[in-house]
Amino acid sequence: MKTEGHTSRILLTACAMLIGFTVVLWVVLSQFFNIFAPADDIALERRYLLFITVVLLLFLLVSLFIVSRILYHFTKPVDELALVAGKLAEGDFKARASVSEFSDLGSLASSINKIAQAGQETQVVRLMEKERLKTLIESIGSSLLMLGRGGTVNLMNGVFAQTFHTSSSDSVGKSYKEIGLPPDAEQLIENVFLSEQVHEQPIRLQKNGVPVHLNVYGAPVIGRHGNWLGIIVVFHDISKIIRLEEIRKDFVANVSHELRTPVTSIKGFAETLLDGALDQPDIAREFVRIIEKESARLHSLVSDLLELSGIEQHSFTLDVEQVDVVSIIREAEKLVSKRLEEKEMILAVEAPAKANIEGDSRRLMQVLVNLLANAIAYSKTGTTVRIGARFEADSLILSVADEGIGIEAEKIPRLFERFYRADLARSRDSGGTGLGLAIVKHLVEAHGGDIHVESKVGRGSEFSVRLPVHQAGNTAK
Ligand SMILES: Nc1ncnc2c1ncn2[C@@H]1O[C@H](COP(=O)(O)OP(=O)(O)OP(=O)(O)O)[C@@H](O)[C@H]1O
Ligand SMILES: [Mg+2]
């Protein structure tokens, strides 16, 4: 609304009318001389005209001044109110009209100000709600996309933009088919549009070469009055759940497989014995020896499984005390000495005289013996295994290095998985269950530490365990 210049227009009109009136008056009055004094006294006539001109000019000036003052007094507030009303109409609720007590429009001005104030409050509430909604949308952790009735993108959150390598500014206003969604997701959106029903479906993507599983949930958005506003699509990352499910399946398959081999063997040899082999003492002894070996394997498998499940229990706790890692190394050395001798291997220890840390001595022994057993099992005869212990900042680094067969780089990340064997043939030969390193990792993590592997195929491997000197939340006995 154009409000400027109302005052000046009214003033100009009034002035023009006054001037016009004065001119008419001058013309009329100038005729009076001829009517009332018809004598040809030109000088008198001129004086008369001069007189009425001066009088009328004075009259004009005085009336212009008075009229403009009066008009200004009445039209200025109207102009101001019109200006404020215009700003309010444009959404500027900060605009206020000055409420003059002398102005007759005071009550109108205060009503306009009340409307402005109410508008401003509504605007603040709306801004807050918008802000709250934005925070909510951004912090839900799943990708979120909102489409309008025509299938154009109305809104998306940061997670969506990151997952689908796009941005709000690039996609808002475009059709959902133009923003690079996977075909399955596009199909689901189409189905929601066609059926106006909720649709849900898991999809699989490739993100930086890693498979990502998403559960896509699409639902129509219906307004308060039942009108169809568009659809909302949520992409929920279920990769962790899928991976856990795969681990569970693998675990069951692995356990069954590991159990089946010794059980089949024990059953077969026992049956052969019963079928007559018992009568041939040499063969019988050999078979019973195999049965004993296989049952030992079964025993170690079951006890490793029990051990692992015990460590994984929430109730698992460490018996924390002051431990001298050097004396643990000496103890472990004794436990593996027989195996070392069998393979004519040398054990070299590089450690300070004492290395006290807070930890569970039995569990730390288990870690070290497992690492040493591997170092011996996966090395050739006559090689050397080195144990190192040194302090680094608030941690003790305990390392076991061998000159053995080594591990291929791509297999290292999977080494700590249950039942994983880097070298299938050799690991089975060694009688291993593939659970040793999984147990080691759990025990090291229970101590608040971590384990790191460096290896070169054919040259050897080094397993380094970092253990904190002090246990958080545990008071050493
Ligand atoms: N020092 C090492 N050198 C080479 N390969 C190793 C070494 N330590 C472990 N590995 C590889 O990692 C795999 C997993 O080791 P882990 O100790 O978990 O199982 P395992 O030795 O086969 O059986 P066990 O449960 O009896 O220890 C092994 O099968 C082996 O292939
Ligand atoms: Mg092992």
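Q: Is Arg-466 buried, partly exposed or exposed?
A: The model is predicted, so local features need pLDDT of at least 70 and side-chain atom pairs 80 or more, while totals for chains, interfaces and linings use all residues. Buried means under 20% relative accessible area and exposed over 50%, with partly exposed in between (1.4 Å probe, protein chains only). Because its relative accessibility is 28%, Arg-466 counts as partly exposed.

Q: Which residue forms a salt bridge with Arg-466?
A: A salt bridge needs a side-chain nitrogen of Lys or Arg within 4 Å of a carboxyl oxygen of Asp or Glu. Side-chain values use heavy atoms, without hydrogens and water. For Arg-466 the closest N and O atoms are 3.2 Å apart, and the partner is Asp-450. This pair links distant parts of the chain, 16 residues apart: Arg-466 lies in strand E12 and its partner in strand E11, namely Asp-450.

Q: How many bridges join strand E11 to E12?
A: Strands (E, at least two residues) and helices (H or I, at least four) are DSSP runs numbered from the N terminus. Two strands pair if DSSP finds at least two bridges between them. E11 (residues 450-456) and E12 run antiparallel, and the number of bridges is seven.

Q: Which residue in E12 is the bridge partner of Ile-397?
A: Strand E10 (residues 395-401) pairs with E12 in the antiparallel sense. In E12, the partner of Ile-397 is Arg-466.

Q: How many of the nine residues of E12 are buried?
A: Strand E12 spans residues 460-468 and is mostly covered. Its count of buried residues is seven.

How values were computed: Residues numbered from 1 in each chain as written. Chains lettered and ligands numbered in written order.
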